[in-house]
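Welcome! Here are a few exercises to work through with the structure beside you. Try each task before reading its solution.

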Amino acid sequence: MNTCKTALRILKSRKMYLVIYLGFIGIMMFAISWQIMRGSMTGGDEVFHPDTARVAVIDRDGDGISSALRSYLALDGEMVDLADDSEALQQAVASNYVDLIAIVPHGFASDYQKYLDGSSNDQPTVETVVSYTSGAGSLSQLEVNEFLSLTRTAYLGQAGKQQSMETAMRTALDTAKADAKTSKIAVVQSPSADTDNTKPAASAFAGTIKTGLYPLLLVMPICTFLVIGTFNDSEIRRRLYSSPTRLVSLQMQEMLTCATFGLVVCVGYTAATLVLMVAAGVPFDGITSTNVALTFVSLLAYTLMAIACGFLLGSVGFSEMAVNAFANVFGLLCMFTSGMAFPIDMMPEPMIMIGKLLPGWWLCVSIDNVFGLGTAAATGVDYGSWASSVGLVALFAVAFICLGLALGRIRRTRPSLASPTTTQLAK
């Protein structure tokens with residue numbers, strides 16, 4: 001019991017690792033999952049919603065055509081007020097504050113009236129400035145010309161002596177309002193052979209749990225190393241050798257403390273995943289208590305593997321800086337070759353082969369077999385494959401433990417580590 005308390009005090013004294021590796025990186029992974037969840041919830045809309053353009057209309061003519069143009073553009077865009085100043089207009093476009101600036105020049109109404117009457121063949125134009133990064137602004141620019149064209153059509157459709165440009169603009173605006181209420185672009189989702197029938201909840205839960213692959217492989221080896229490395233310090237080890245407590249019992253208590261800490265982290269990560277799904281508005285259709293339990297077992301087996309890796313590093317006697325470097329490199333390697341960061345069909349064959357040699361791949365495969373997605377999309381839910389994948393992750397843990405015990409024994413049997421040398425005693 002004293003050994004467990006001491007191990008907990010060691011973890012508490014180095015809580016900065018928990019804050020950085022488990023806290024900050026975990027929050028970053030949850031933020032990525034949040035965006036994916038929100039995208040999946042809005043991706044099933046039955047109506048297409050185009051991007052809304054921010055439009056400013058500058059009236060230099062003082063006639064009513066600018067107000068009618070502003071009302072027409074407001075049907076599909078967001079109107080913005082700008083001062084008619086060259087510097088203000090340039091800053092608005094350069095900073096992407098607006099997507100389109102429509103400038104009605106002096107004398108536009110009278111010139112356009114002459115064009116409608118046929119007394120002039122020159123069609124006046126509304127000056128437009130489009131933001132260089134905006135596609136929505138280019139579409140709004142077409143709407144400016146569309147408004148003028150509809151106005152001319154409505155004007156020519158009026159009786160001879162009753163022709164009025166104001167009436168024509170009002171007719172064009174009323175027609176556009178009626179069309180905006182009734183016409184919509186439908187989104188048709190066609191079935192595909194490559195598309196699985198997995199519900200959003202299963203995909204969201206499985207994908208978020210997979211993001212724990214990287215932070216767990218950072219924090220668990222390092223925390224375990226801190227505990228094992230502290231007890232393996234030469235001075236502390238000599239005192240432990242002189243005590244009646246068996247070395248195996250001490251190591252078991254150390255590992256039990258780390259395993260308990262890992263269990264708490266797994267429970268917290270799973271609970272945070274469920275809370276994130278609730279916050280994102282993802283329905284829980286498609287996941288059951290069995291799915292959650294089996295996924296939790298997969299995550300726990302992976303966590304124990306990470307603890308075993310830390311036991312190996314602590315038994316060998318690496319420095320803290322070397323363990324940090326190894327954990328980061330090993331974690332990134334597992335993350336990018338596991339299929340969590342990239343879809344499997346986008347990964348080159350050599351990367352897949354490397355991934356299958358690492359525990360991160362088998363964690364993701366076990367979760368896929370629970371829900372029948374990803375690598376198990378073709379075969380569906382397969383509990384036998386889940387058990388074999390979890391077993392492979394456990395074998396990594398057993399291998400790390402065996403290597404740690406063997407290398408630790410070799411290190412302990414070296415005289416220079418077990419007792420002071422003759423030269424040190426002479427000094």
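**Exercise 1.** At roughly what angle do the axes of helix α5 (residues 108–117) and helix α6 (residues 135–156) cross?

*Solution.* Keep in mind that this is a predicted model. Begin with the axes: those of α5 and α6 come within 10 Å and cross at roughly 50°. That angle makes α5 oblique to α6. The crossing of the two helices is right-handed. Next, look for the residues that meet: α5 contributes Phe108, Tyr112, Gln113, Tyr115, Leu116 and Asp117, while α6 contributes Leu148, Ser149, Thr151, Arg152, Tyr155 and Leu156. Sorted by class, this contact has seven nonpolar, three polar and two charged residues.

**Exercise 2.** Describe how helix α8 (residues 200–210) packs with helix α15 (residues 359–371).

*Solution.* Start with the geometry: the axes lie 10 Å apart, at an angle of about 165°. Angles over 145 degrees count as roughly antiparallel, so α8 and α15 are roughly antiparallel to each other. Their crossing is right-handed. Now list the partners: Ala202, Phe205, Ala206, Ile209 and Lys210 of α8 meet Cys364, Ile367, Asp368 and Phe371 of α15. Seven of these residues are nonpolar, two are charged and none is polar.

**Exercise 3.** Which residues touch the most other members of the largest nonpolar core?

*Solution.* This core has 74 residues, and Met220, Tyr302 and Phe371 touch the most other members. Helix α9 (residues 213–231) supplies the largest share, 13 residues. Then zoom in on Tyr302: beyond its neighbours within four places in sequence, its contacts include Leu213, Leu216, Pro359 and Val393. Finally, find the second, separate core of 28 residues, with Ala53, Tyr72, Ala109 and Leu148 among them.

Methods. Residues numbered from 1 in each chain as written. Predicted model: local features only at pLDDT ≥ 70, side-chain atom pairs only at ≥ 80, totals over all residues. Heavy atoms only, no water. Core = buried A, V, L, I, M, F, W, Y, C linked by side-chain atoms within 4.5 Å. Buried < 20%, exposed > 50% of the residue type's maximum accessible area, 1.4 Å probe, protein only. Helix = DSSP H or I, 4+ residues; strand = E, 2+ residues; numbered from the N terminus. Contact = heavy atoms within 4.5 Å. Axes fitted to C-alpha atoms, helices over the stretch in contact; angles between N-to-C directions. Parallel < 35°, antiparallel > 145°, perpendicular 65-115°, else oblique. Left-handed = near helix turned anticlockwise from the far one by under 90°. Nonpolar A, V, L, I, M, F, W, Y, C, P; charged D, E, K, R; others polar.
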